[in-house]
Amino acid sequence: EILEHQSPSSVLENALDVLHRFQTTATLEQQRLPSGLLSERNYFSFLVEKFAKRVTSDTEKQQHVADRFLFLADLLQKHRRMAIHGDFHPSNIYCADTSMTILDPEHMTLASTEFDLVDLLESHLYPVDQQLMRHLLHRAHTRFASGTSYEAWLLSCYSPVAAYRNLHRMGAVIASSDSLHPDALRQRKNLYRQQAIASLVTLRT
């Protein structure tokens, strides 16, 4: 059974624990992998070469859009890069009785560990309310970043990744618009736009 078909309150905490174990194991195994096997996520390339071009076809506006978000790439570039799943959304988590299996590891890459966390907690496939989100973020902080304060982690680590990831999702939805129903396209664009804006506002305040 896929995680998205179960109650968020009953399984997301377990999913966070699974993610923590996965990333811990991946980090250990990373040291044994041949150099260059996992590529580094290029934050600048996406913002300048993909996202801006998907938002508008006007070359001047493309540059303006890219310039507005370069600060975000700068923030992410300072993050420590670790081996992550790269596509840790609910459809890639298989639940069977008391166990969970992580599917589709083809997107594994070297990036900030919070990318997997954002993919899990801010997916259109499995929305959570604000109260549950706050609870899960505090639990995630305990699991992934207990050495720093919750506020510092949220501002310097989670929020930049959440902003970038939701911009990435918005760009992907725009690029795949032909395969989506117009209502679904509009809903997803609005959702990712709102989530990206919320994260960007946090960074700017």
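**Labels and their cut-offs**

Guide: Start with helix α5, where L132, M133, L136, L137, A140 and H141 are buried. This is a predicted model, in which local features need pLDDT of at least 70, side-chain atom pairs count only at pLDDT 80 or more, and totals for chains, interfaces and linings use all residues. Residues are numbered from 1 along each chain as its sequence is written, and side-chain values use heavy atoms, with hydrogens and water left out.

Visitor: What makes α5 a helix, and how does its reach compare with the span expected?

Guide: Helices are DSSP runs of H or I with at least four residues, strands are runs of E with at least two, and both are numbered from the N terminus. Helix α5 covers residues 130-144, which is 15 residues. The expected span is 1.5 Å times one less than the number of residues.

Visitor: What makes R143 and D17 a salt bridge?

Guide: The rule asks for a side-chain nitrogen of Lys or Arg within 4 Å of a carboxyl oxygen of Asp or Glu. R143 and D17 meet at 2.7 Å, N to O. R143 lies in helix α5 and D17 in helix α1 (residues 8-30), so the pair ties together parts that are 126 residues apart in sequence. E13, D17, R139 and R143 are linked in a network of salt bridges. By the rule, the count comes to 7 salt bridges.

Visitor: Which residue forms a salt bridge with D119?

Guide: R169 does, with the closest N and O atoms 3.3 Å apart. R169 lies in helix α6 (residues 150-175) and D119 in helix α4 (residues 114-121), so parts 50 residues apart in sequence are tied together. Both R169 and D119 are buried. In α4, 8 of its 8 residues are buried.

Visitor: How are E29 and R32 labelled, buried, partly exposed or exposed?

Guide: E29 has 34%, so it is partly exposed. R32 has 65%, so it counts as exposed. Their side chains meet in a salt bridge at 3.3 Å, N to O.

Visitor: Why are α2 and α3 called roughly antiparallel?

Guide: Axes are lines fitted to C-alpha atoms, for helices over the stretch in contact, and angles run from 0 to 180 degrees between N-to-C directions. Angles under 35 degrees are roughly parallel, over 145 roughly antiparallel, 65 to 115 roughly perpendicular, and the rest oblique. Helix α2 (residues 43-55) and helix α3 (residues 59-77) cross at roughly 155°, with axes that come within 9 Å. Hence α2 and α3 are therefore roughly antiparallel to each other.

Visitor: What polar contact does H79 make with S112?

Guide: A polar contact is a pair of N or O atoms within 3.5 Å; within protein, one must be able to donate a hydrogen and the other to accept it, and residues adjacent in sequence count only if both atoms are side-chain atoms. The side chains of H79 and S112 are joined at 3.2 Å. The H79 side chain also reaches the backbone oxygen of S156 at 2.7 Å. H79 sits in the loop between α3 and β1 (82-84). With 13%, H79 is buried.

How values were computed:
Buried means under 20% relative accessible area, exposed over 50%, partly exposed in between (1.4 Å probe, protein chains only).
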